[in-house]
Amino acid sequence: KKLKMARPGVLMARGVKEHRDRENMKILEDLFSRADKNGDGKITPEDWFQVLSDSGLKANREDIDEWFGKKDRNMDGKLTWGEFMGQKTTTEVAFERLDSNNDGAISKKEFMKICHRLSEDQIDTIMNKFGKEKNGQLNYEEFCALMNKREKDRESQEASASH
């Protein structure tokens with residue numbers, strides 16, 4: 001079989017697009033880094049609005065809040081670079097792993113299969129505390145609340161230990 005060669009113009013256009021995409025990515029990475037003032041790898045809507053405004057780019061606060069709401073996949077009010085780029089979060093991956101029957105909720109039984117170190121009473125406590133519907137299951141939003149609470153507790157402990 002003969003290989004079909006692309007026309008030089010097509011190759012050039014692809015090369016220009018790839019170059020432009022890399023340049024745009026570098027600009028986005030730079031803006032994200034500048035917005036991440038504390039270096040924790042996360043930005044808030046306020047951080048993003050400020051860096052866009054400081055860069056002379058038109059920024060509408062309502063649009064940024066709406067965009068953040070769509071991108072904030074773990075519902076913690078901040079975006080990691082991965083979320084910013086549309087990648088799955090560790091929270092999403094953990095939820096999918098726990099939700100073995102893919103019904104959109106984690107049952108007590110599913111939780112117990114993965115979380116061996118937790119007792120049945122501890123899992124009941126989690127389900128009752130974070131499950132709004134009190135149906136013995138956690139949906140994704142409720143699971144995010146659980147995970148975000150764990151993360152905040154961990155950050156508080158680390159802050160206390162450093163003082």
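Buried residues are those under 20% relative accessible area, exposed ones are over 50%, and partly exposed ones fall in between, as found with a 1.4 Å probe on protein chains only. The legends below describe a predicted model, in which local features need pLDDT of at least 70 and side-chain atom pairs count only at pLDDT 80 or more, while totals for chains, interfaces and linings use all residues. Residues are numbered from 1 along each chain as its sequence is written, and side-chain values use heavy atoms, with hydrogens and water left out.

**View 1. Asn74 in its loop.** At 10% relative accessibility, Asn74 counts as buried. Asn74 is found in the loop between helix H3 and strand S2 (79-80), where helices (H or I, at least four residues) and strands (E, at least two) are DSSP runs numbered from the N terminus. Not counting residues up to four places away in sequence, Asn74 touches Glu83, Thr89, Thr91, Tyr140, Cys144 and Asn148, contact meaning heavy atoms within 4.5 Å.

**View 2. The second largest pocket, with Asn74 among the residues closest to its centre.** About 380 Å³ of space lies in this second largest pocket. Of the 20 residues that line the second largest pocket, the closest to its centre are Lys42, Asn74, Asp76, Asn148 and Glu151. A pocket here is an open set of points on a 1 Å grid over the protein atoms alone, where a 1.4 Å probe fits, with protein on both sides within 12 Å along at least five of seven lines, and lining residues have an atom within 4 Å of a point. Grid points are joined across faces, edges and corners, and a volume is the space filled by probe spheres set on the points. H4, H5 and H8 each supply at least two residues of this lining, and the largest share, seven residues, comes from H8. The lining of the second largest pocket divides into two nonpolar, eight polar and 10 charged residues, where Ala, Val, Leu, Ile, Met, Phe, Trp, Tyr, Cys and Pro count as nonpolar, Asp, Glu, Lys and Arg as charged, and the others, Gly among them, as polar.

**View 3. The largest pocket.** The largest pocket has a volume of about 450 Å³. Its lining is made of 18 residues, of which Phe111, Cys115, Leu118, Met147 and Arg150 lie nearest the centre. Helix H5 (90-98), helix H6 (108-114), helix H7 (120-130) and helix H8 (140-161) are the elements that give two or more residues to this lining, and H8 provides the largest share, six residues. The residues lining the largest pocket divide into 11 nonpolar, one polar and six charged.

**View 4. Aromatic rings around Phe84.** The structure holds eight aromatic pairs; rings of Phe, Tyr and Trp (its six-membered ring) pair if their centres lie within 6.5 Å, with planes under 30 degrees apart counted as stacked, over 60 as edge-to-face and the rest as tilted. The rings of Trp48 and Phe84 have centres 5.0 Å apart and planes at 75 degrees, so the pair is edge-to-face. This pair links distant parts of the chain, with Trp48 in helix H2 (residues 45-54) and Phe84 in helix H4 (residues 81-84), 36 residues apart. The rings of Trp67 and Phe84, with centres 5.2 Å apart and planes at 80 degrees, also form an edge-to-face pair. Phe84 is buried, with a relative accessible area of 6%, whereas Trp67, at 29% relative accessibility, counts as partly exposed.
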